[in-house]
Amino acid sequence: MFGRTTLFFLLFLWTQDFVRSLRLVHLHVPSQTREGRKAFLSCQYDLQGHTLYNVKWYKDGHEFYRYVPKNDPPVYYFPMVGVNIDIDRSTSNTVALVNLSHESRGNYSCEVNGAAPRFDTVSGHKYLDMEQTIFTRGNSH
Ligand SMILES: *[C@@H]1O[C@H](CO)[C@@H](O)[C@H](O)[C@H]1NC(C)=O
Ligand SMILES: *[C@@H]1O[C@H](CO)[C@@H](O)[C@H](O)[C@H]1NC(C)=O
């Protein structure tokens with residue numbers, strides 16, 4: 001009925017389906033923080049047997065951080081106002097932001113990309129907001 005090639009092709013499709021998809025387990029971005037503080041952004045993912053190609057972080061759609069495990073050093077970052085990265089505390093799962101300012105507010109997203117042959121991609125996003133700093137005038141006489 002089926003030719004040998006068709007059988008091999010079906011078998012190939014079946015084994016491809018058998019590989020589970022990359023999964024984003026948890027994305028943490030503090031919803032409210034204050035100027036001058038630090039913020040740890042974290043992106044937990046389950047590779048499910050895939051090889052990690054890279055992890056990219058974006059703020060309002062612009063990439064500011066990239067982790068590529070096969071590069072040396074594995075971290076690239078792109079300067080952006082309000083996004084001051086403490087590289088020594090940033091990894092494949094976390095990005096440490098320091099010296100937060102009003103410009104740090106925004107929509108942060110983490111994108112995880114798997115390597116060949118499937119090139120799976122998974123991503124999530126969260127909003128980081130800044131508490132209003134209310135300056136009160138001293139009432140001293
Ligand atoms: C936040 O960023 C993600 C990824 O870039 C995008 O899909 C989403 O629409 C954005 N959300 C808002 C509220 O801008
Ligand atoms: C954060 O601010 C401090 C004090 O102004 C400065 O020394 C430090 O280089 C800044 N760090 C970054 C990553 O911008």
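Trainee: Which residues are around ligand 2?
Mentor: Asn-84, Ile-85, Val-98 and Asn-99. Each has a heavy atom within 4 Å of the ligand. This is a predicted model, where local features need pLDDT of at least 70, side-chain atom pairs count only at pLDDT 80 or more, and totals for chains, interfaces and linings use all residues. Residues are numbered from 1 along each chain as its sequence is written, chains are lettered from A and ligands numbered from 1 in the order written, and side-chain values use heavy atoms, with hydrogens and water left out.

Trainee: How does that shell divide into nonpolar, polar and charged?
Mentor: Two nonpolar, two polar, no charged. Ala, Val, Leu, Ile, Met, Phe, Trp, Tyr, Cys and Pro count as nonpolar; Asp, Glu, Lys and Arg as charged; the others, Gly among them, as polar.

Trainee: What is 2.2 Å from an oxygen atom of ligand 2?
Mentor: An N or O atom in the side chain of Asn-99. The protein buries 31% of the 360 Å² that ligand 2 exposes when taken alone. Those areas are Shrake-Rupley, with a 1.4 Å probe.

Trainee: And what surrounds ligand 1?
Mentor: Asn-107, Ser-109 and His-125. A side-chain N or O atom of Asn-107 is 2.4 Å from a ligand 1 oxygen. On its own ligand 1 has 360 Å² of accessible area, and the protein covers 37% of that.

Trainee: Switching topic. Where is Asp-120, and is it buried or exposed?
Mentor: Asp-120 sits in the loop between S9 and S10; strands are DSSP E runs of at least two residues, numbered from the N terminus. Asp-120 is buried, at 15% relative accessible area. Buried means under 20%, exposed over 50%, partly exposed in between (1.4 Å probe, protein chains only).

Trainee: Which backbone nitrogen lies 3.0 Å from its side chain?
Mentor: That of Leu-22, facing a polar atom of the Asp-120 side chain.

Trainee: What about His-102? Which side chain does it join by a polar contact?
Mentor: Glu-35, at 2.7 Å. A polar contact is a pair of N or O atoms within 3.5 Å; within protein, one must be able to donate a hydrogen and the other to accept it, and residues adjacent in sequence count only if both atoms are side-chain atoms. His-102 is in the loop between S8 and S9 and is partly exposed, at 32%.

Trainee: Last one. Which residues touch the most other members of the largest nonpolar core?
Mentor: Leu-41, Trp-57, Phe-64 and Leu-97, out of 25 residues. Such a core is a set of buried Ala, Val, Leu, Ile, Met, Phe, Trp, Tyr and Cys residues joined through side-chain atoms within 4.5 Å. S3 gives the largest share, four residues.
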